Amino acid sequence: MIDTTKGFTLVRTYPATPEQIFTAWTDADAISQWWHPRGATTPRDAVAVDPQVGGRYTYTMVNEDTGDRVVTAGIYRELTANERLVFTWGEPDGDPEATPVVTITLEPSSESKSVSAGTRLTFDLRGVEGSAGDGFFYDGWDSALDSLGDYLA
């Protein structure tokens, strides 16, 4: 089991609908455009997703400077279209019960559901330590959420 006392939360508001953001997390073409920190890429042919409870995903990030590749995978635990997404995040062959868990929550940022109103995304990672300036989990996800913002713009 993961230690759920370890983890961190990032919150962003994007000028996009909950539907657009949910699709960015569950569509392989979209994932290849943004699911990596700045300074890395995610080749489309290295992304596979089966967005349903129990379905798996895999993606590979490639460091633009060194060419180093990092393969990450997980299992979808919960999907509530345009509202919530819960999945494990770690090694492709890792034990799902010992793998960190990501929870994404999407909320319109005002009463209106228009694109101009935006959507608040809450990203919560449990099972690993992370803090600003760590050069690892926190900073990597912080940068990846910046890439998501670039993709949605």
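The following exercises, each with a worked solution, concern the predicted model of one protein chain.

Residues are numbered from 1 along each chain as its sequence is written, and side-chain values use heavy atoms, with hydrogens and water left out. In this predicted model, local features need pLDDT of at least 70 and side-chain atom pairs count only at pLDDT 80 or more, while totals for chains, interfaces and linings use all residues.

**Exercise 1. Fold and overall dimensions**

Task: State the secondary structure content of the protein chain, and determine how its radius of gyration relates to the value for a compact globule.

Solution. 
1. Helices (H or I, at least four residues) and strands (E, at least two) are taken as DSSP runs, numbered from the N terminus. The protein chain has 3 helices and 8 strands.
2. In sequence order, these elements follow the pattern β-α-α-β-β-β-β-β-β-β-α.
3. The radius of gyration is taken over C-alpha atoms, and the globule rule is 2.2 Å times the number of residues to the power 0.38. For 153 residues a compact globule would have a value near 15 Å, and the chain has 15 Å, which agrees.
4. Along the principal axes, the C-alpha atoms fill a box of roughly 40 × 35 × 30 Å.

**Exercise 2. Burial and contacts across the chain**

Task: Determine what percentage of the 153 residues is buried, and what share of the contacts with a separation of 6 or more joins residues 24 or more positions apart.

Solution. 
1. Buried means under 20% relative accessible area, exposed over 50%, and partly exposed in between (1.4 Å probe, protein chains only). Buried residues account for 43% of the 153 residues.
2. A contact means heavy atoms within 4.5 Å. Among contacts with a separation of 6 or more, 48% are between residues 24 or more positions apart.

**Exercise 3. Two aromatic pairs involving helix α3**

Task: Classify the ring pairs W35 and W141 and W89 and F137, and locate their members in the chain.

Solution. 
1. Rings of Phe, Tyr and Trp (its six-membered ring) pair if their centres lie within 6.5 Å; planes under 30 degrees apart count as stacked, over 60 as edge-to-face and the rest as tilted. The structure holds 19 aromatic pairs.
2. W35 and W141 are 6.1 Å apart, centre to centre, with 50° between the planes, and form a tilted pair. This pair links distant parts of the chain, 106 residues apart: W35 lies in the loop between α2 (28-34) and β2 (40-41), and W141 in helix α3 (residues 137-152). Both W35 and W141 are buried.
3. For W89 and F137, the ring centres are 5.8 Å apart and the planes stand at 75°, so this pair is edge-to-face. The two residues are 48 residues apart, W89 in the loop between β6 and β7 (101-108) and F137 in helix α3.
4. W89 is buried because its relative accessible area is 12%, whereas F137, at 24%, is partly exposed.
5. Beyond its neighbours within four places in sequence, W89 contacts residues including Y57, Y59, L125, F137 and W141.
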